[in-house]
Amino acid sequence: MQQNDRSEEGFTVTPWEVEGDIDYEKLIEDFGTESVDNELLDRIEEVVGDTHFMLRRGIFYSHRDLDRILDEYEEGKKFALYTGRGPSGHTHVGHLMPWIFAKWMQDKFDVELYFQLTDDEKFLFNFDSELEDTYSYALENAKDIIALGFDPEKTHIFIDTDFIHELYPLALKVGKRLNFSNVKAVFGFDNSTNVGSIFYTAIQSAPCFLPTEREGEDVPVLIPCGIDQDPHFRLTRDIAETIGYLKPALLHNKLAPSLDGTGKMSASQPKTTIFTTDQPEDVEQKINEAFTGGRISAEEQKKKGGNPDICSVQNYRFYIFESDDEKVEDIAERCRNGDILCGPCKQLLKDNINQFLSEHQEKRKKAEDMLDDFLVKDCEEKR
Ligand code: TRP
């Protein structure tokens, strides 16, 4: 099956729509990817001498050809990382999750990172958006990326409309090999879809081949990304070799859940999403209203315990804000036993988030002056 469809499975995962209770194992089957098993986890640890909590906790849980990337790395062949972001609004903390991981990968493997900001995509797919707005959100998002501490020598951030001259020949090569029926089957397009959107996947594919073009020799590319982005790269992989490039490898993450206990964190639902620009009062309010696995009364919860498995507060901790496994498990255990109630448990998370955000916001402010060190653009005479 090419497209994951809610009507059959009770959830939908496409690059533009994520809804319902996602069965991540089912996605591995539907998309035809491989799971990141213990053997692979051990191998990563062996190669870089370290591991990351997002790997051990099964947040980065699925892949294509990661084993090949490691084989080549061990033979001395460096890969490049490629990831991206569709600038539809301000960055929320869920977005930071894969970026924090990408930074860890860059540090551990000592590799180049290409970061695509798709102002074009968000303009094309969101009917009411203006290009000026998606472009300015791209700049805002770039500050959050830089604030995470990427190495400016090895990190190349580009906004599509500023960098199209270098991307376009690659996008054309891809575009020539993809036909409408492939794209239609994979994304569920129909006759009312605008033609910009139909071509877009070629633009997202282009950076997969950029390192090879720039280096003048084959450079393997590894893409850490949300599993929802896999459909694009499935198409890229299908045609890569026919146009003379290596297939990109992928490492997929599960999507950060929202605070209301449904679906993924989404910028279109500001009340259940924490933005990197939020102030402590916003955090206070949003976490107070978050969905938990608590009981109707404190008394009942003390007696019967809560359910951390369905709790969005616990989820936030698990996905992003607590890197210490023991602390995560300890709090879950205290919740199950009725030893900690939702108020104090929420307070612990608020403290973690506010601590993180106050540091992040300071670095984000400094990043304003560093944009030129990171952003790559087509040179003036080419534009
Ligand atoms: N389409 C992605 C989004 O909407 C943005 C993106 C572009 C991306 N290139 C990528 C994401 C590569 C992951 C990897 O967020």
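# A tour of patches, salt bridges and one buried asparagine

Start with the negative surface patch: select Glu34, Asp37, Glu39, Asp42, Glu45, Glu46 and Asp67. The model is predicted, so local features need pLDDT of at least 70 and side-chain atom pairs count only at pLDDT 80 or more, while totals for chains, interfaces and linings use all residues. Residues are numbered from 1 along each chain as its sequence is written, and side-chain values use heavy atoms, with hydrogens and water left out.

Patch members have over 30% relative accessible area and no salt bridge; like charges are joined within 9 Å, and nonpolar side chains (Val, Leu, Ile, Met, Phe, Trp, Tyr) within 5 Å. Areas come from the Shrake-Rupley method with a 1.4 Å probe, and for residues only the protein chains shown count as cover. Asp and Glu count as negative, Lys and Arg as positive; His and the chain ends are not counted. Each charge is placed at NZ of Lys, CZ of Arg, CG of Asp or CD of Glu.

Now colour helix 3 (residues 38-48). The largest share of the negative patch, 4 residues, comes from this helix. Helices here are DSSP runs (H or I, at least four residues), numbered from the N terminus. Pick Asp42 in helix 3. Asp42 counts as partly exposed because its relative accessibility is 47%; the class lies between buried (under 20%) and exposed (over 50%), with a 1.4 Å probe and protein chains only.

**Next: the nonpolar patch**

Select Ile164, Tyr168, Leu172 and Phe199. Together they form a nonpolar surface patch with about 320 Å² of accessible area. Helix 9 (residues 164-177) gives the most, with 3 residues. Ile164 lies in helix 9. At a relative accessible area of 32%, Ile164 is partly exposed.

**Next: salt bridges**

Side chains of opposite charge can pair when their charged atoms come close. The cut-off here is a side-chain nitrogen of Lys or Arg within 4 Å of a carboxyl oxygen of Asp or Glu. The whole structure holds 29 salt bridges.

Show Arg364 and Glu140. Their closest N and O atoms are 3.0 Å apart, in a salt bridge. This pair links distant parts of the chain: Arg364 sits in helix 18 (residues 342-367) and Glu140 in helix 8 (residues 131-147), 224 residues apart. Is Arg364 buried or exposed? Arg364 counts as buried, because its relative accessibility is 8%.

Move along to Lys365 and Glu368. Their side chains meet in a salt bridge at 3.3 Å, N to O. Lys365 counts as exposed at 54% relative accessibility, while Glu368 is partly exposed at 36%.

Asp330 is partly exposed at 41% relative accessible area, and Arg334 is partly exposed at 32%.

**Last stop: Asn141**

Return to helix 8 and select Asn141. Asn141 counts as buried because its relative accessibility is 0%. Which residues does Asn141 touch, not counting those up to four places away in sequence? Show Arg85, Pro87, Gly89, His90, Thr91, Trp99 and Leu117; contact means heavy atoms within 4.5 Å. Then draw a C-alpha to C-alpha line from Asn141 to Gly10: they are 32 Å apart in space and 131 residues apart in sequence.

How values were computed. Helix = DSSP H or I, 4+ residues; strand = E, 2+ residues; numbered from the N terminus.
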